[in-house]
Amino acid sequence: MTESRSAAHFQKIYDASPDPWGFGSDPYEQDKYRHTLQALGDRRFAAGLEVGCSIGVLTRMLAPRCGALLGIDLVEQPLEAARARCADQPTVRFTRMQVPQAWPDGRFDLIVLSEVLYFLTAADIDWCARRVLDSLLPGAVVILVNWLGQSDDPTHGDAAADRFIHATIGLLRVSHQDRRRGYRLDVLSSV
C-alpha cells in the first residue's frame with residue numbers, strides 16, 4: 001500500500017542538501033514563484049498559511065501581502081533556514097508539523113499548497129482538503145501548484161490537483177487555472 005511521504009523521507013533529502021530543489025536559485029523555481037504571486041493579483045490577505053514552506057523562499061515573497069503568515073514544514077532543517085531568511089519579517093512565523101495529520105489553529109484567507117499535494121496519498125489529499133475547508137475565512141483563496149513530471153511519489157501532480165478540487169466542490173470554485181512548463185497552477189476561491 002502506498003503511503004504519504006514521511007518526515008524521514010524529507011530528512012534524508014535535506015541531510016544531502018540544504019536546498020535540494022534549488023528554490024533559492026533555479027530559474028524554473030523563480031518563474032513559478034513569480035507566476036504564483038501574479039495569480040494573486042494585487043490582493044492583500046489578513047492571514048496566510050503556506051504548507052510545505054521549506055527554506056522560506058516563497059514565504060518571503062508572500063510576506064508583504066499578508067497581515068500574518070504561517071509557514072509549516074515537517075522537517076526542522078529547512079524551517080531553520082526559513083526563519084533566518086524571514087528574520088526581518090515580524091508578521092511571519094514558522095512551525096513544524098505534518099499535514100494533514102496535524103493542522104494549525106486559526107483561520108486563513110490565503111492557503112498555499114505549492115508542490116506538496118503529490119507527496120500525499122489520495123486519502124490524505126481528501127483529509128487535507130477537509131482541513132483546508134474547516135480553516136477558511138470568508139472570501140478565502142487557495143492556491144495549488146503541482147509539478148507534472150513522472151516520479152515515484154504517491155500521486156501524480158495532475159491527479160493530486162484534480163482530487164483536491166473534487167474534494168472541495170460546492171465550497172470552492174476554480175477561479176484560475178494555468179499550465180506552464182512542468183507544472184500547473186490552480187486558484188480556488190470561496191463560493
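1. Arg-60 is partly exposed, its relative accessible area being 30%. Do keep in mind that this is a predicted model.

2. Lys-32 and Glu-29 form a salt bridge whose closest N and O atoms are 2.5 Å apart. The two residues are three apart in helix α2, so about one helical turn separates them. Both Lys-32 and Glu-29 are buried.

3. Lys-32 also takes part through its backbone: its backbone oxygen lies 2.8 Å from a polar side-chain atom of Thr-36. Thr-36 is in helix α2 too (residues 27–39), and it counts as buried because its relative accessibility is 1%, with the cut-off at under 20%. Setting aside neighbours within four places in sequence, Thr-36 contacts Ile-143, Val-145 and Leu-185.

4. Further along, Arg-180 and Asp-178 make a salt bridge, with 3.1 Å between the closest N and O atoms. Arg-180 is partly exposed at 33% relative accessible area, and Asp-178 is partly exposed at 22%. Please look as well at Asp-158, Asp-162, Arg-179, Arg-184 and Asp-186, which are joined into one network by salt bridges that share partners.

5. For the overall tally, the count comes to twelve salt bridges.

Technical notes: Residues are numbered from 1 along each chain as its sequence is written. This is a predicted model: local features need pLDDT of at least 70, side-chain atom pairs count only at pLDDT 80 or more; totals for chains, interfaces and linings use all residues. Side-chain values use heavy atoms; hydrogens and water are left out. Helices (H or I, at least four residues) and strands (E, at least two) are DSSP runs, numbered from the N terminus. Buried means under 20% relative accessible area, exposed over 50%, partly exposed in between (1.4 Å probe, protein chains only). A polar contact is a pair of N or O atoms within 3.5 Å; within protein, one must be able to donate a hydrogen and the other to accept it, and residues adjacent in sequence count only if both atoms are side-chain atoms. Contact means heavy atoms within 4.5 Å. A salt bridge is a side-chain nitrogen of Lys or Arg within 4 Å of a carboxyl oxygen of Asp or Glu.
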